[in-house]
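Here are some notes on the model you asked me to look through. They are set out as numbered points, so that each can be checked against the coordinates.

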Amino acid sequence: MGLQRRKHREREPNYKLIYTLNGYSLVNPLGTGAFGKVHKCVSVETKQTVALKSVKRWTGEKEVAMLEKLRTLDKDTANLIKFNRHFEFAGFLTLEFEMLDMDLHQFVKCFSRPLQLCEVQVIVQQMLVALSALKSVRVVHTDIKPDNIMLINHEQLPFKVKLIDFGLAHSTSDMSIGSKHQATLYRAPEVLLGLPLHEGVDMWSLGCVAAFLYLGKHLYPSRCEHERVRDTVQLHGLPGEHLLNSGVYTKQYFKKDEEFPSSSWRINETCRCPKGLPKRRTHGPYQRKFIFHRLSSLDDIVKTFPETSGNEEAFVSLLNEMMAVDASERITPGKALMHPFISTGQSSSVSPISTDRSSSSSCLIKQDWDHEKEPVKAKTPLFKRICRFFRSRGQTISNQLLLNRKTPIA
Ligand SMILES: [Zn+2]
């Protein structure tokens with residue numbers, strides 16, 4: 001392990017040197033992933049603050065090719081991150097992007113609160129515009145999750161967001177049956193079952209994101225694919241017979257009575273995947289976590305957190321259409337933009353969130369959140385920066401959280 005770690009460290013490039021030699025000064029790291037690293041930097045020439053993402057050359061080339069496909073789109077209108085340029089150095093490809101604020105996962109975690117329906121609406125609307133733009137150039141993002149949706153500048157442009165990270169994006173025509181895409185918790189049923197794939201996989205994930213923002217928890221708290229399939233069956237019912245009959249992975253999760261081939265599919269109750277072993281022999285008996293145990297259908301989401309915005313019915317209606325198990329019945333971005341949840345009760349500007357804390361009575365905080373929420377862990381550099389920011393204003397983060405329990409963030 002020690003040796004492996006040392007080898008890994010040896011492979012780690014000297015980012016500061018790479019950036020300096022290419023005309024940037026490194027400010028601080030922003031994030032690390034399987035893909036590589038992202039740093040906040042300042043261009044020496046333009047004095048502009050940018051985000052530099054350094055990845056291995058071969059993965060970077062795929063991402064650059066995909067970003068080039070998006071060149072024709074207006075990134076500000078389409079709510080997509082701006083890609084400026086890229087350069088190669090010492091086997092690494094560095095991509096320069098516009099600098100954004102924080103992602104939605106960090107936002108929900110740091111501010112320790114789920115979003116109000118009016119806030120969810122604004123974000124979903126912008127992401128539907130993004131999906132519509134991607135569909136127009138036949139690109140599937142395949143990794144829509146709260147971590148990949150970033151606030152542009154929460155202070156100045158509340159809840160204005162952009163979609164980031166096209167490292168796993170595909171052309172629609174390249175989505176082959178049985179190929180694996182998406183983070184497990186945000187994975188569409190057709191990916192799980194091994195059915196034909198298209199841009200509808202992004203719509204499913206966006207539905208999961210909307211639910212996450214509203215609940216403050218992942219909709220599917222599943223530990224593995226098998227649990228994901230079981231959770232999907234619990235909330236949506238058994239997938240149609242025609243889907244199960246043609247899915248290349250159906251038999252991993254479902255069984256039929258061998259003697260009666262015409263019988264219906266049934267879900268395997270226990271999973272014996274490596275994630276369930278060795279601490280527990282299996283995942284069963286089924287343990288549903290957090291708020292999930294109170295949901296028997298998507299409609300229950302709004303019953304769990306009663307609000308008074310009057311828009312709950314429309315929210316659940318859109319959610320059901322975004323998360324239709326049969327991808328051929330799933331709503332398209334264009335139609336979703338005309339859905340009453342999006343088209344009514346919202347101004348055309350992207351800043352309907354009032355900056356006046358006293359005018360927020362229509363957005364009541366979800367009562368169950370307080371005793372369901374996990375303690376805030378001050379472990380990320382970003383979290384520390386936020387704490388420092390509030391301290392510099394003479395507030396503590398907990399003061400700020402208290403404020404936010406009563407009102408949306410201004
Ligand atoms: Zn499992």
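1. A term first: two strands pair if DSSP finds at least two bridges between them. Strand β3 (residues 49–56) and β5 are joined by seven bridges, and they run antiparallel. Two of the pairs can be named. L52 has E96 of β5 as its bridge partner. K56 has F92 of β5 as its partner.

2. The model is predicted, and local features are taken only where pLDDT is at least 70. The protein has 410 residues, and 35% of them are buried. Its secondary structure comes to 18 helices and eleven strands. Of the contacts between residues at least 6 apart in sequence, 66% join residues at least 24 apart.

3. What lies on the other side of β5? Strand β4 (residues 83–89) pairs with β5 over six bridges, in the antiparallel sense. F87 stands opposite T94 of β5. R85 has E96 of β5 as its bridge partner.

4. β4 and β5 form a hairpin, with two residues between them. Look at A90 in that turn: its phi is positive, at about 50°. As a general rule, most residues other than glycine have a negative phi.

5. How does the whole sheet run? It is an open sheet of five strands, in the order β1-β2-β3-β5-β4, with antiparallel pairing. β1 (24–33) and β4 stand at the edges with a single partner strand each, so one side of each is left without a neighbour in the sheet. On average, neighbouring strands are turned by 25° against each other, direction ignored.

6. Helix α3 (residues 57–69) packs on this sheet. The helix touches β3, β4 and β5. Its direction makes about 35° with that of β5.

7. Now the helix pair. Two packed helices are described by the angle between their axes and the distance between the axes. For helix α6 (residues 117–136) and helix α8 (residues 200–215), the angle is about 165° and the axes are 10 Å apart. That makes α6 roughly antiparallel to α8. The crossing of α6 and α8 is right-handed.

8. Which residues make the contact of α6 with α8? From α6 come L117, V120, I123, V124, M127 and L131. They meet D202, M203, L206, A210, L213 and Y214 of α8. By class, the contact has eleven nonpolar, no polar and one charged residues.

9. G310 and L117 are 193 residues apart in sequence, yet their C-alpha atoms are 9.5 Å apart in space. G310 is found in the loop between α12 (300–304) and α13 (312–322). Is G310 buried or exposed? G310 is exposed, with 10 other C-beta atoms within 10 Å. The cut-off for exposed is 12 or fewer.

10. T142 deserves a look. T142 is not a glycine, but its phi is positive, at about 65°. The residue lies in the loop between β6 (139–140) and β7 (149–153). T142 is buried, because 25 other C-beta atoms lie within 10 Å and 20 or more count as buried.

11. D165 sits in the loop between β8 (157–163) and β9 (170–171). Is D165 buried or exposed? D165 is buried, with 22 other C-beta atoms within 10 Å.

Definitions and conventions. Residues are numbered from 1 along each chain as its sequence is written. This is a predicted model: local features need pLDDT of at least 70, side-chain atom pairs count only at pLDDT 80 or more; totals for chains, interfaces and linings use all residues. Helices (H or I, at least four residues) and strands (E, at least two) are DSSP runs, numbered from the N terminus. Two residues are in contact if their C-beta atoms, placed from the backbone, lie within 7 Å. Axes are lines fitted to C-alpha atoms, for helices over the stretch in contact, and angles run from 0 to 180 degrees between N-to-C directions. Angles under 35 degrees count as roughly parallel, over 145 as roughly antiparallel, 65 to 115 as roughly perpendicular and the rest as oblique. A crossing is left-handed if the near helix is turned anticlockwise from the far one by less than a right angle, and right-handed if clockwise. Ala, Val, Leu, Ile, Met, Phe, Trp, Tyr, Cys and Pro count as nonpolar, Asp, Glu, Lys and Arg as charged, and the others, Gly among them, as polar.
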